[in-house]
Amino acid sequence: MPEQLAFAMEVFLNGLMAGVLYALVALGFVLIYKASGIFNFAQGVMALFAAMTLVGIQNGQVPFAHLINAIFGTHVHTFGWNVPSVFALIFTVGVMILLAWAVQRFVFRHLVGQEPIILFMATIGLAYFLEGFADLMWNSEIKKLDFCMTANTCLPQGINIAIDEFTFNAFGYGFFIDNLDITATIVAIILVIALVAFSQYTKQGRAMRAVADDHQAALSVGISLNFIWVLVWSLAGFVALVAGIMWGAKSGVQFSLSLIALKALPVLMLGGFTSIPGAIVGGLIIGVGEKLFEFWVGPLVGGATENWFAYVLALVFLVFRPQGLFGEKIIERV
Amino acid sequence: MFYREAGDFKTTYSADNQTFPIKIDRVGYYVALVVAFLIIPFMINDYWANAILLPFLIYSIAAIGLNILVGYCGQVSLGTGGFMAVGAYACYKLMTAFPEVNIFFHVILSGGVTALVCILFGLPSLRIKGFYLAVATLAAQFFLVWLFNRVPWFYNYSASGQINAPERTVFGVPVTGPNTEAWATYLFCLVFLVICALVARNLTRGMAGRKWMAIRDMDIAAEIIGVNPLKAKLTAFGVSGFFIGISGALFFALYLGAVEVGEAFGINKSFLVLFMIIIGGLGSIFGSFAGAAFLVLLPVVLKVVGVDMFGWPTDIVAHLQLVIVGGLIVMFLILEPHGLAQLWRVAKQKLRLWPFPH
């Protein structure tokens, strides 16, 4: 097998893995968009907030330590204990549910019936607010995220030896595939199956889909819109938490984590805002596309094409199919 | 008591159609102009110019440009930073290629170049709408910043990859470069702002503005009554790009002097200008000014209060600023989706009846 092809295959596989991570973020967008028509720009910051909260609880940081110190002249930083990851995870889920409730209660309940674009801008404001809030709460330095279910079973990191050896024997060239990416892929698949099962087979899930179809009709058959919206924001918060853990373990918990939202946007455009399979397929296309483009065309034009390739791809694509791959057909009426 | 139109009789059509039909508004407008042109230049110092006045003037131009696109024509754009970068780099290339031409024309021309680029990226707006378009304009943002970073021709193959404004003069007074004086740069920007605001105000009152607003309110209905969506949308993109390009050129040449594109014209700039028009008021020229003033002043005020008065560390104040800006945006959207401009309108309406409201 020629070496160039082996390289390309390795790039392709890594692109698939990256695509899964993009899809993970995009899923959070789709959930909220389907149920409430809100295009939640704050999804990436929610992932950052979730990851910071998780690390903060794990390390026993005092929330708002900096602010308290600045106001009262004290010197508190940590409680001096370490919380096991599992409990920290449960706490963080609780915080995300609280956040979902607060967002619903204090922001979007007041904006019901506004134009979609106003709601979108509100989520941009929310993103700024949350970012500042997370920094104030847990301070903004880069943190390392170690997530261990028990003392020995942590999130695996580094090269996967088995694949390396297998491909070396088969093609004479060992592929570099990160263990973390493989884990992320498995987690993402489980998450998607769980979400689909939830929305298809449970009572709350069906209520959620009813709300997505038609708010007023859902309200008239006795579904509580408030409850469903809090539920949806909590689910999105949970997805954000998972995405935050995966990305945080990969590159540290820091501000740039929130930029993954920007990576997820072209995925959404490609897949359509309303489709869960669309988010997955779109994520894979973008992940593979940008890695292969960088591999073949990048060196010719000076590199770092990953910043914009996804957007331009999605843009070109949209010109031919304005509702995305799996989006609902856009019908316009006067 | 003083603020009312009663007794102010108009005898010609042009008097009836003027921008400020109420006398006290008109007087206020001329007073503001006199203060801006004849009083501030004598009182200005470097701190005031660099911290408040120049950013306010330049962001106002950008906000007017974006407001035409988003507020009047309803096409949400997140590519403002990229388009400002086009203006800056066009200005730089023109300044270095034609040093003998007055910088005034360079700035205008860079506005023109930006308009063309903006129209190019506006083409997809004919097919895609709403959020899809907002995200599509991000393509412009990322692609343009990458382009200016990676193609050496744009920064004249300089080793640092930065662009530096060479010294240029207007009537013998330097306005760019290291030897400028505060009043000169201030006046230069002010002239552009006044021209831009006049043009924008009159465009939005006329045929073009009405077409944009028709497209914004319901594009299909507008199409049926005979508004050509291609022309209306692309002119909005073009005019908006022209203003944004001018502001980008001024931002680079007069305000910063040296620019690293990813830092000065990144995605945050796009959001900043968008926030200005949301807080100021979508679809209002006055709102563009108010929003720009608000978001330029807010960090300065927070810094003065937080760092200088309370002695807090700067990072906490920076984070607080994010919280406050984000919170304010949400609050404005909930309480008054039409922004400061609407508050101003309501206040004026109340003033007209004062002191005898119904």
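Predicted model: local features only at pLDDT ≥ 70, side-chain atom pairs only at ≥ 80, totals over all residues.
1. Along its principal axes, the C-alpha atoms of chain B fill a box of roughly 70 × 55 × 45 Å.

2. How does the radius of gyration of chain B fit a compact globule? For 358 residues such a globule would have a value near 21 Å, and chain B agrees because its own value is 21 Å.

3. Now for the inside of chain B. Of its 358 residues, 46% count as buried. Among the contacts in chain B with a separation of 6 or more, 75% join residues 24 or more positions apart.

4. Next, look at where the chains meet: 38 residues of chain B are in contact with 42 residues of chain A. On the chain B side, α6 (130-150), α9 (219-224), α12 (267-280) and α14 (314-335) each supply at least two residues. The largest share comes from α14(B), with 14 residues. By type, the chain B side divides into 30 nonpolar, five polar and three charged residues.

5. Finally, turn to helix α12 of chain A, residues 276-296. Its 21 residues reach 30 Å from the first C-alpha to the last, close to the 30 Å expected at 1.5 Å a residue. The buried residues of α12(A) include Ile276(A), Gly282(A), Gly283(A), Leu284(A), Glu290(A) and Lys291(A). What covers the buried residues of α12(A) includes α1 (3-36), α7 (179-201), α11 (260-271) and α14 (306-320) of chain A.

Conventions. Residues numbered from 1 in each chain as written. Chains lettered and ligands numbered in written order. Helix = DSSP H or I, 4+ residues; strand = E, 2+ residues; numbered from the N terminus. Expected span 1.5 Å × (residues − 1). Buried ≥ 20, exposed ≤ 12 C-beta atoms within 10 Å, placed from the backbone. Contact = placed C-beta atoms within 7 Å. Nonpolar A, V, L, I, M, F, W, Y, C, P; charged D, E, K, R; others polar. Rg over C-alpha atoms; globule rule 2.2 N^0.38 Å.
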